[in-house]
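Let's take a walk through this structure together. Have a look at it first, and then we'll go piece by piece.

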Amino acid sequence: MPFFLMRCLHHPGRDADRDRLRPAHRDWVASGGEGLASVLIGSALLDETGASAGNFGILEAASAAEARRFAEGDPFARGGVVRAVEITPLPDSFQQDRIGRRMSPPVT
């Protein structure tokens, strides 16, 4: 199954919304978007001043469309925090075994 780099860029000044939605976001990630994707690793992104600017993840999904569905279904996106989603395919040579414990179960 292919792997993708997901970048979700956030609207500035949405810290309160992000904080409010964070528990639901973490549940979404842990479930793989209810099975849409498997999140190998991810984290927040910061801008040059150290302010929150978005989040990223390395996903395993059946297709780029499924990876995008995962990103767009995230509570951060549904709650208006996300301003743009980028999904970039990774090469077949991507070495997923170099990443430790996954954040959500493998896609079946």
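This is a predicted model: local features need pLDDT of at least 70, side-chain atom pairs count only at pLDDT 80 or more; totals for chains, interfaces and linings use all residues.

Residues are numbered from 1 along each chain as its sequence is written, and side-chain values use heavy atoms, with hydrogens and water left out.

Start with the strands. Two strands count as paired if DSSP finds at least two bridges between them. Find strand 2 (37-46) and strand 3 (52-61); they run antiparallel and are joined by nine bridges. Along this pairing, Ser38 sits opposite Glu60, and Val39 faces Leu59. Five residues lie between the two strands of this hairpin, and in the turn Gly50 has a positive phi of about 95°.

Now bring in strand 1 (3-10). Seven bridges tie strand 1 to strand 3, again antiparallel, with Phe4 opposite Leu59 and Met6 opposite Gly57. Strand 1 also pairs with strand 4, through seven bridges and in antiparallel fashion; there, Met6 stands opposite Ile87. As a rule, side chains in a regular strand alternate between the two faces of the sheet.

How covered are these strands? Call a residue buried under 20% relative accessible area, exposed over 50%, and partly exposed in between (1.4 Å probe, protein chains only). In strand 3, seven of the ten residues are buried, and in strand 1, six of the eight are.

That brings us to the inside. A nonpolar core is a set of buried Ala, Val, Leu, Ile, Met, Phe, Trp, Tyr and Cys residues joined through side-chain atoms within 4.5 Å. The largest one has 19 residues, and those with the most contacts inside it are Met6, Leu59, Phe70 and Ile87. At least two residues each come from strand 1, helix 1, strand 2, strand 3, helix 3 (64-73) and strand 4 (82-89). Take Phe70 and see what is around it: with contact meaning heavy atoms within 4.5 Å, and residues up to four places away in sequence not counted, Phe70 touches Met6, Trp28, Val29, Gly32, Gly33, Leu36, Ala37, Val39 and Leu59.

Next, the largest pocket. On a 1 Å grid over the protein atoms alone, a pocket is an open set of points where a 1.4 Å probe fits, with protein on both sides within 12 Å along at least five of seven lines, and lining residues have an atom within 4 Å of a point. The volume is the space filled by probe spheres set on the points, which are joined across faces, edges and corners. That space comes to about 360 Å³. There are 22 lining residues, and the closest to the centre are His25, Gly42, Ser43, Ala44 and Met103. Strand 1, helix 1 (15-30), strand 2 and strand 3 each give the lining at least two residues. Sorted by class, the lining has eleven nonpolar, eight polar and three charged residues; Ala, Val, Leu, Ile, Met, Phe, Trp, Tyr, Cys and Pro count as nonpolar, Asp, Glu, Lys and Arg as charged, and the others, Gly among them, as polar.

His25 deserves a stop of its own. His25 is in helix 1, and it counts as buried because its relative accessibility is 13%. Beyond neighbours within four places in sequence, His25 is in contact with Asn55, Asp74, Pro75 and Phe76.

Elsewhere in helix 1 is Arg20, which counts as exposed at 54% relative accessibility. Arg20 and Phe76 are 56 residues apart in sequence, and their C-alpha atoms are 9.5 Å apart in space.

Then there's Leu90, in the segment after strand 4 and partly exposed at 23%. Its C-alpha is 5.5 Å from that of Phe3, 87 residues away along the chain. Leaving out residues up to four places away in sequence, Leu90 touches Phe3, Phe4, Leu5 and Ile58.

Most residues other than glycine have a negative phi. Glu34 is not a glycine, yet its phi is positive, about 60°. You'll find Glu34 in helix 2 (residues 32-35), exposed with a relative accessible area of 71%.

Conventions. Helices (H or I, at least four residues) and strands (E, at least two) are DSSP runs, numbered from the N terminus.
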